[in-house]
Amino acid sequence: MRRPGLLLGAALGVLAGFTLAPPLARIARSWPHRVAVFGHSMEPTLHAGDWLLVDPDAFIARLPAPGELCVAHYPRAPQRLIVKRATWVTGSTATLASDHPAHSAAEDTIGPVAAAEIVGRPWFRYWPLDRFGRVG
């Protein structure tokens with residue numbers, strides 16, 4: 001089911017590239033940083049198969065505040081991106097965790113994650129269509 005989200009996302013990216021209107025400019029800025037959600041660790045907020053646009057400018061001058069969603073490079077496999085919620089922020093690092101109530105805090109806590117490893121903030125779900133809209 002990955003292909004429909006990829007195709008819809010490609011269409012949105014092309015549309016956004018042809019105009020500089022502020023809402024579409026945000027989509028154009030987010031398009032290269034889009035992510036697909038795999039697994040169930042972020043349920044009920046995000047589900048496997050959700051496709052998200054990520055604002056890469058959201059954390060330029062600051063780290064995510066506790067409670068904010070963010071996309072970061074996984075510390076043990078830097079080529080892999082993860083979507084998690086910031087739970088603790090100190091200095092230039094953040095601790096991230098899942099939303100799923102069945103995951104224990106110790107089991108699914110990731111950190112410290114350096115500010116340079118945080119890609120941005122997921123702000124919009126564009127696939128599947130029945131879950132279309134802002135995320136937070």
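A pocket is taken here as an open set of points on a 1 Å grid over the protein atoms alone, where a 1.4 Å probe fits and protein lies on both sides within 12 Å along at least five of seven lines, with lining residues having an atom within 4 Å of a point. The model is predicted, so that local features need pLDDT of at least 70 and side-chain atom pairs count only at pLDDT 80 or more, whereas totals for chains, interfaces and linings use all residues. Residues are numbered from 1 along each chain as its sequence is written, and side-chain values use heavy atoms, hydrogens and water being left out.

The largest pocket has a volume of about 360 Å³, a volume being the space filled by probe spheres set on the points. Of its 17 lining residues, Phe-38, Arg-80, Leu-81, Ile-82 and Val-83 lie nearest the centre, and strand 4 gives the largest share of the lining, 5 residues (strands are DSSP runs of E, at least two residues).

The largest nonpolar core, with 14 residues, has Ala-72, Ile-82, Leu-96, Val-113 and Ile-118 as the members with the most contacts inside it; such a core joins buried Ala, Val, Leu, Ile, Met, Phe, Trp, Tyr and Cys residues through side-chain atoms within 4.5 Å, buried meaning under 20% relative accessible area with a 1.4 Å probe, protein chains only. A second, separate core of 11 residues includes Val-35, Val-37, Val-83 and Val-135.

Arg-125, located in strand 7 (residues 118-127), counts as buried because its relative accessibility is 8%. A polar atom of the Arg-125 side chain lies 2.6 Å from the backbone oxygen of Arg-131.

Definitions and conventions: Buried < 20%, exposed > 50% of the residue type's maximum accessible area, 1.4 Å probe, protein only. Helix = DSSP H or I, 4+ residues; strand = E, 2+ residues; numbered from the N terminus. Polar contact = N/O pair within 3.5 Å; in protein donor to acceptor, adjacent residues only side chain to side chain.
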